[in-house]
Amino acid sequence: MNHQPRTKKILVIFVILFVVELALSFGIKYQLRVGFNEQRKFSIQCIKKEESIQEQIHKEFQSDKIIKVFGRFPINWNVIRVIIAVDLILILIAFFVRRNMKLVPSKVQSIAEMVYSFFIDLVTETLGEDKAYFTPYIITIFLFIFTCNIIGIIPIPGNMEPTRNLNVPLGMGLMVILVVHFSAIKEKGFKKYLKSYTEPFFFMAPLNLVGEVAKGISISFRLFGNILGGAIIILVISNLIRFILIPIGLSIFFGLFIGTIQAFVFTMLALSYTAVAIK
C-alpha cells in the first residue's frame, strides 16, 4: 500500500501551519487565538499578549513558593517537591534492580551493570584500584544530576528542572568541595594538607585558597547556567513559533543531550578535584 501521497499532504499541512504561525508570531508580543470571540463567533486572531516575554521569563523562573518548616526554616516548595520526586524515582529503580537481580541478567539489570562498570573503571583509572570505594559516591552524583536535568521533559504543570534553581547546584558544589577536602585530610593528614597550600612557594597560599573557593563556584554556576540557559531558549523560541513542533525537539535536546553532558561534566570535575586533592 502506497502511503507516499498521504505523507506528502501531511508534510505540506505542517509546513503551511509552521509558516503561518511564524508569520503571525513575528511580533513577539503577539499570540494567535483560535476560538470564539466576545461576539460568540469563531475567529482566528493575532492579539497582543497580556504578558511580555520578560514577564513570562520572570514568572517562569522566579515562581518561588516559600513555606516555613516548623514555622522557622523557609524552603522553596516548588523545588523541594521535584527533588523529592527525583529521590523517590532513584530509590524505586535501585530497589527494583536489586530485588530482581539474577544470574542471567534482564535488560534493566544489564543497563545497571553497564553503568556501574563504566564508572568503576573511570574511578579506578583516575584514583587507583585502592580508591574504588569512591564509585557509589560518583555514580550517585551523576544519576541525581542527570535525573534532575531530564525530569523537566515531563509535561506536568509546575514541573521543572531543580538544577535551574541556583540553590541546588550551589548545594551540590558545596557538598563536592567538602568531600574533596575531607578526603584530602584523611589521606594526607592535617599538617600535610595545610602544607599543600604553600606550594610551590609560601606566598602562594592566598592564591591557592582563592583557587579552592573558585572551584566550588565554577562547578556550580556552570551547571546552573547551562540548564537555565536551555530553559530560557526553549521559552523564547516557543513564543516565536507558537509552540509548534520545534519546542518538543528543543525540550528533548536540552533535556537529554545537554542534561546528560552537564551531569557528566559535573561528575568528572568532582572526580578530578578529588584526584588532585588526595594525590
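**Helices and how two of them pack**

Modeller: The protein chain holds 9 helices and 4 strands, where helices (H or I, at least four residues) and strands (E, at least two) are DSSP runs numbered from the N terminus. This is a predicted model, in which local features need pLDDT of at least 70 and side-chain atom pairs count only at pLDDT 80 or more, while totals for chains, interfaces and linings use all residues. Residues are numbered from 1 along each chain as its sequence is written, and side-chain values use heavy atoms, with hydrogens and water left out.

Colleague: Why are H4 and H5 called oblique to each other?

Modeller: Helix H4 (residues 107-127) and helix H5 (residues 135-150) pack at an angle of about 120°, with their axes 9 Å apart. Angles under 35 degrees count as roughly parallel, over 145 as roughly antiparallel, 65 to 115 as roughly perpendicular and the rest as oblique, and H4 and H5 are therefore oblique.

Colleague: Which residues of H4 and H5 meet?

Modeller: With contact meaning heavy atoms within 4.5 Å, Tyr-116, Phe-119, Ile-120 and Val-123 in H4 meet Thr-135, Ile-138, Ile-139 and Phe-142 in H5. By class, this contact has 7 nonpolar residues, 1 polar and no charged ones, where Ala, Val, Leu, Ile, Met, Phe, Trp, Tyr, Cys and Pro count as nonpolar, Asp, Glu, Lys and Arg as charged, and the others, Gly among them, as polar.

Colleague: What share of the residues in the protein chain counts as buried?

Modeller: Buried means under 20% relative accessible area, with a 1.4 Å probe and protein chains only, and 34% of the 279 residues count as buried.

How values were computed: Axes fitted to C-alpha atoms, helices over the stretch in contact; angles between N-to-C directions. Buried < 20%, exposed > 50% of the residue type's maximum accessible area, 1.4 Å probe, protein only.
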